[in-house]
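Hi everyone, thanks for coming.

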Amino acid sequence: MKAHEFQMNKDFIKNIMKTLSNSSIKFAAVQFSSDIRTVFDFNDYQNGFAEEKLKNEAHMKSLTNTYRAINYILNNLLNNVLSGANPNAVKALVIITDGEPSDNDNKNVLKTCDEQNILRYVIGVGKVTLATVTHLASAPKHNNTFYIQQYSGLQGLLDNLQKKIYNIQGSKEAHGRDRQRELSQSGFSVVYYEDSHLIKCCPSV
């Protein structure tokens with residue numbers, strides 16, 4: 001992933017948060033490669049620190065441990081009240097990828113997501129296979145997968161994805177409570193050609 005593509009990814013996240021800022025949806029973001037780190041959590045978003053942390057995030061460059069990252073998100077964000085997560089909120093995960101995972105789903109994290117009713121929207125970019133994109137998405141897979149040729153196409157997906165996120169059903173608690181959604185923006189796995197070498201870059205925010 002080149003520097004301007006990394007910036008497009010960050011702009012995409014920022015624009016989604018800005019458009020849905022008046023809703024009850026809370027956001028968090030993780031960047032992963034061989035290592036995994038939280039860019040900002042739900043508390044950061046609620047306290048107004050998310051955009052600044054996103055702006056200052058540097059691009060990690062290494063492997064694409066997609067499944068380990070999803071497991072990290074489950075344990076450290078979506079199911080962790082210390083991150084600001086609400087146990088009764090409806091949860092969703094957005095994955096943007098143009099490469100194949102470097103790891104395997106040894107811990108059955110996709111099954112865990114399904115068991116916990118965590119929606120997974122997957123955006124495939126460029127050379128990533130359709131099989132990978134659909135495998136990572138939650139059912140109904142044809143409604144939860146998107147495909148674009150280049151990262152510049154992310155902005156064209158904003159309206160459609162925002163509508164899907166906004167229309168997520170609300171809290172599992174009793175009627176009368178404010179509906180609350182939590183969205184964790186996962187990393188981007190990247191494979192691209194440069195100077196005749198196949199380069200695998202880290203996922204980015």
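Let's start with Arg-37, which counts as partly exposed at 34% relative accessibility. As for that wording, buried means under 20% relative accessible area, exposed means over 50%, and partly exposed is in between, with a 1.4 Å probe and protein chains only. Before I go on, a word on where this comes from: it is a predicted model, in which local features need pLDDT of at least 70 and side-chain atom pairs count only at pLDDT 80 or more, while totals for chains, interfaces and linings use all residues. Residues are numbered from 1 along each chain as its sequence is written, and side-chain values use heavy atoms, with hydrogens and water left out.

Back to Arg-37. Which residue forms a salt bridge with Arg-37? The partner is Glu-57, and the closest N and O atoms are 2.6 Å apart. By salt bridge I mean a side-chain nitrogen of Lys or Arg within 4 Å of a carboxyl oxygen of Asp or Glu. This pair links distant parts of the chain, 20 residues apart: Arg-37 is in strand S2, and Glu-57 is in the loop between H3 and helix H4 (66-78). Helices (H or I, at least four residues) and strands (E, at least two) are DSSP runs, numbered from the N terminus.

How many salt bridges does a search of the whole structure find? It finds 4. Another one of them joins Asp-44 and Lys-53, with 3.2 Å between the closest N and O atoms. Here Asp-44 is buried, with a relative accessible area of 13%, and Lys-53 is partly exposed at 36%.

Lys-163 is partly exposed at 49% relative accessibility, and Asp-159 is partly exposed at 45%.

Next, the aromatic rings. A pair of aromatic rings is described by the distance of the centres and the angle of the planes. Rings of Phe, Tyr and Trp (its six-membered ring) pair if their centres lie within 6.5 Å; planes under 30 degrees apart count as stacked, over 60 as edge-to-face and the rest as tilted. The structure holds 1 aromatic pair. Phe-27 and Tyr-45 form it, edge-to-face, at 5.2 Å centre to centre and with 65 degrees between the planes. Phe-27 lies in strand S1 (residues 25-32) and Tyr-45 in helix H2 (residues 42-46), so the pair ties together parts that are 18 residues apart in sequence. Are these two buried or exposed? Phe-27 is buried at 3% relative accessibility, and Tyr-45 is buried at 18%.

Stay on Phe-27 for a moment. Leaving aside neighbours within four places in sequence, Phe-27 has contacts (heavy atoms within 4.5 Å) that include Ile-16, Met-17, Phe-40 and Leu-183.

That leads us to the nonpolar core, a set of buried Ala, Val, Leu, Ile, Met, Phe, Trp, Tyr and Cys residues joined through side-chain atoms within 4.5 Å. The largest one has 30 residues, and Phe-27, Ile-123 and Leu-161 touch the most other members. Among the elements that each supply at least two residues of this core are helix H1 (3-19), strand S2 (36-40) and helix H7 (154-166). There is also a second, separate core of 24 residues, which includes Leu-77, Leu-110, Ile-118 and Val-122.

Finally, a few backbone details. Most residues other than glycine have a negative phi, and most peptide bonds are trans. With that in mind, look at Asn-108, where phi is positive, near 55 degrees. Asn-108 sits in the loop between strand S3 (90-97) and helix H5 (109-115) and is partly exposed at 42% relative accessibility. Asn-117 also has a positive phi, near 55 degrees; Asn-117 is in the loop between H5 and strand S4 (119-125) and is exposed at 60%. And which residues does a cis peptide bond join? Ala-139 and Pro-140, with omega about -5 degrees. You'll find Pro-140 in the loop between helix H6 (130-136) and strand S5 (145-148).
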